[in-house]
Amino acid sequence: MSGRAQLMWDEAVTGYDFGPDHPMDPVRLALTRRLVAAFGLDSAVDVVAAKRAGDSTLRLVHREDYIEAVKAASADPDAADGTYGLGTMDDPAFAGMHEVSALIAGQSVGAAEAVWRGDALHAVNFAGGLHHAMPGGAAGFCIYNDASLAIARLLELGAERVAYVDVDVHHGDGVQAAFWEDPRVLTISLHEHPRMLFPGTGWPEETGADSAEGSAVNVALPPGTGDAGWLRAFHSVVPELLADFRPQVLVTQHGADTHFEDPLAHLAVSLDAQRAVQVVCHDLAHEYADGRWVALGGGGYAVVDVVPRSWTHLVAIAAGRPIEPETLIPEEWRQEVYARTRQLAPARMTDGRWPASWKGWEDGYDPADRLDQAVLAARRAVFPLRGLLP
């Protein structure tokens, strides 16, 4: 197995563009790619442009009629069929939508193939993580569910146990739905409580179908959760479940919209805590999955201050060249940010909250604390189904 990581990248993915007034501005992808290069990380990874996912690959997750609807909307955006979630405020139709969505999916599928076959130990597609798309419809800025497609391809290649960990502020509903009945896939999502935020799912009681009880795990976090609580929730649930499940591959989704500056949600997590979870995901892949790690992007709408730094940390960790939080950001990137956006770029790779710290679950819990209530609800719902103590 190659010790080098792969960075999946094709400049054409920046064509995933819902328009100038949409929060998912593709500049976040372009700026991340430039920051990765500015830190010299290209020398530590193999930059690979995978081919677009073909129809047979898309059908691993998506219905044929939906794929045809996306193609029709891609050819004629004005004729988008809203019954498939296309042409809506969240998912406006645009010319070439099918092609670029399939290209992003192809990068995640290519990442999964590379890791499974041993061409790379880790693979990152920060343009991916579009976790809301359903088998038969678009949702939440997501057309094709590249995360689900990557997992489905791993199963097709022979994987028997794949774990998916999603730390986006929104519930990973599309991935959960795709594998709801499949005990070979363990989905774990930490997200803001569904009472407060789209898509309104991800309750702790959602634990999988009868055929796969305990294969879906949901930690519904109270609004305002900050670094200590977020890290406590992650460490109180994820490592123990992965130790029990022993995945052959770990797939993680790193939406940056948990950040306190994100305009679309209500958590208060820093870049430093995001980086800490990225490091832990890397370590968990080595501890339980022989190092096989597929890391994806996701949400994130503070497109200058947060997203590029968070995902550059992710690439650096996967490449084995982690960037120290206090590191100054290269001046040429900051100048490019201003030229592209007329915004002032951040100066360092930290929010000044490093090192991130938390209190472990083994030290006890407070039943009156809302964060601890969320963790306890998830553990009580799932752990006994897996033969673990809540």
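## A salt bridge between arginine 33 and aspartate 42

Let's start with a charged pair: arginine 33 forms a salt bridge with aspartate 42, and their closest N and O atoms are 2.9 Å apart. The term salt bridge here means a side-chain nitrogen of Lys or Arg within 4 Å of a carboxyl oxygen of Asp or Glu. Arginine 33 counts as buried at 9% relative accessibility, while aspartate 42 counts as partly exposed at 31%. For these labels, buried is under 20% relative accessible area, exposed is over 50%, and partly exposed is in between (1.4 Å probe, protein chains only).

A word on where this comes from: the model is predicted, local features need pLDDT of at least 70, side-chain atom pairs count only at pLDDT 80 or more, and totals for chains, interfaces and linings use all residues. Residues are numbered from 1 along each chain as its sequence is written, and side-chain values use heavy atoms, with hydrogens and water left out.

## More charged pairs

Side chains of opposite charge can pair when their charged atoms come close. The count here comes to 19 salt bridges. One of them joins aspartate 372 and arginine 232, with the closest N and O atoms 2.8 Å apart. This pair links distant parts of the chain, 140 residues apart: aspartate 372 is in helix α11 (residues 370–382) and arginine 232 is in helix α7 (residues 227–245). Helices (H or I, at least four residues) and strands (E, at least two) are DSSP runs, numbered from the N terminus. Aspartate 372 and arginine 232 are both buried.

Next, arginine 348 forms a salt bridge with glutamate 326, and here the closest N and O atoms are 3.8 Å apart. Arginine 348 lies in the loop between α10 (331–341) and α11, and glutamate 326 in the loop between α9 and α10, so the pair ties together parts that are 22 residues apart in sequence. Arginine 348 is partly exposed at 36% relative accessibility, and glutamate 326 is partly exposed at 47%. Elsewhere, a network of salt bridges links Glu11, Arg34, Glu336 and Arg340.

## Rings that pair up

Now for the aromatic side chains: a search of the whole structure finds nine aromatic pairs. Rings of Phe, Tyr and Trp (its six-membered ring) pair if their centres lie within 6.5 Å; planes under 30 degrees apart count as stacked, over 60 as edge-to-face and the rest as tilted. Tyrosine 16 and phenylalanine 94 make an edge-to-face pair, 6.3 Å centre to centre with 90° between the planes. They sit 78 residues apart, with tyrosine 16 in the loop between β1 (5–8) and α1 (27–38) and phenylalanine 94 in the loop between α3 (64–75) and α4 (97–117). Tyrosine 16 is buried, at a relative accessible area of 3%, and phenylalanine 94 is buried too, at 11%.

Phenylalanine 126 and tryptophan 311 are stacked instead, 6.1 Å centre to centre and with 25° between the planes. Phenylalanine 126 is in the loop between β3 (122–125) and α5 (146–156), and tryptophan 311 is in helix α9 (residues 307–318), 185 residues apart. Both of these residues are buried. Ring pairs also join Trp9, Phe126 and Trp311 into a cluster.

## Helix α4

Finally, a look at α4, which is mostly covered: 18 of its 21 residues are buried. From first C-alpha to last, α4 reaches 30 Å, close to the 30 Å expected at 1.5 Å a residue; that expected span is 1.5 Å times one less than the number of residues. After α4 comes glycine 118, whose phi is positive, near 85°.
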